[in-house]
Amino acid sequence: MTSQTITAAASGTWKLGDLTVNRVGFGAMRLTQRGEAFADDAVPRDRDQAIGVLRRAVVLGVNHIDTAAFYFSPLRSANELINQALAPYPDDLVITTKVGPSRDPSGQWLPHATPEQLRGQVEENLRQLGRDHLDVVNLRIVGTDSIAERFGALTDLREAGLIRHLGLSNIRPHQLAEAQSIAPVVCVQNMYGIGASSEQKEFLDSCGEQRIAFVPFYSIAGTGRTAGATTDHSPEVRAIARAHGVSAAQIRLAWTLHQGPHVLAIPGTGDPDHLAQNVAVGSLRLSQEELTALDPVHHQTA
């Protein structure tokens, strides 16, 4: 694959409400530091390198960036890097943020926001990004409790013009149904990749039936989660990677994109070479035979 010449347009498009995005986007979680995200001893990434990666992503056709105000390391904030690198923003660039979690200035996690606190989190994202409205805001959830009050609070902010579209993150099917009864949901952001359970697959498919984008996180990292890409690749993944002349991580990402036209990818990196490889995955087509070969891998690790 000649990743240097492939743009995100090769991945096809999907709509987040009335906003059209290429299916391969960019996740900003890993942009602010080297090594594991949110680590107490995180080493800030070089500012010029981070800004260069963001600008290169846009040149490569990425028009969907996922971020959050709690994506920061000592001296670096993902939102402020995005602002510095890309403002004034291209007309077609969609920036998705998430609210619910927060960290104090030292990086320690705080309790998730109450309905009353969500406005402050939305306003902090607006300030850091230099925007007068947010394209998409995902409410990130922990647990299985009702989300009606919190989602309702964001709906009020949407009606006030601070938010254009609403999404959800880390949720269960009953929570999506609850939110949909209050206001339209344009995307669901949940953990998904090779090794996902049958219940997770059913939820992914259900989102597609409802024309809701499914945006998996840790699709490359897998069990590595915030630490980054897993090295625990199966023989099947490695064999298919060799056949295509790509990395095992690229096969994992391609497999995820093959799960449905409504599946969007937001792989993150602070490395320009990895960025080009991630974007190039949008042109990688796995055969039905290869997908079948990966199915046992999917189920045996579920």
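In which sense, left-handed or right-handed, does α3 cross α4? In this predicted model, α3 passes α4 in a right-handed crossing, and the paragraphs below set that pair of helices within the chain as a whole.

The chain has 302 residues and a radius of gyration of 18 Å, which agrees with the value near 19 Å that a compact globule would have. Taken along the principal axes, the box filled by its C-alpha atoms comes to roughly 50 × 45 × 35 Å, and the secondary structure of the chain amounts to 10 helices and 15 strands.

Seven strands form an open sheet with parallel pairing, and they follow one another in the order β3-β6-β9-β12-β13-β14-β15. At the edges of this sheet lie β3 (26–27) and β15 (213–214), each of which pairs on one side only. Strand β14, residues 187–189, runs parallel to β15 and is joined to β15 by two bridges; here C187 stands opposite A213 in β15.

To return to the helices, α3 spans residues 115–129 and α4 spans residues 148–159, and the two pack with their axes 8 Å apart at an angle of about 45°. Because of that angle, α3 counts as oblique to α4. On the side of α3 the contact is made by P115, L118, R119 and V122, while α4 contributes E149, R150, A153, L154 and L157. Sorted by class, the residues in this contact of α3 with α4 are six nonpolar and three charged, with no polar residues.

Definitions and conventions
Residues are numbered from 1 along each chain as its sequence is written. This is a predicted model: local features need pLDDT of at least 70, side-chain atom pairs count only at pLDDT 80 or more; totals for chains, interfaces and linings use all residues. Side-chain values use heavy atoms; hydrogens and water are left out. Axes are lines fitted to C-alpha atoms, for helices over the stretch in contact, and angles run from 0 to 180 degrees between N-to-C directions. Helices (H or I, at least four residues) and strands (E, at least two) are DSSP runs, numbered from the N terminus. Angles under 35 degrees count as roughly parallel, over 145 as roughly antiparallel, 65 to 115 as roughly perpendicular and the rest as oblique. A crossing is left-handed if the near helix is turned anticlockwise from the far one by less than a right angle, and right-handed if clockwise. Contact means heavy atoms within 4.5 Å. Ala, Val, Leu, Ile, Met, Phe, Trp, Tyr, Cys and Pro count as nonpolar, Asp, Glu, Lys and Arg as charged, and the others, Gly among them, as polar. Two strands pair if DSSP finds at least two bridges between them. The radius of gyration is taken over C-alpha atoms; the globule rule is 2.2 Å times the number of residues to the power 0.38.
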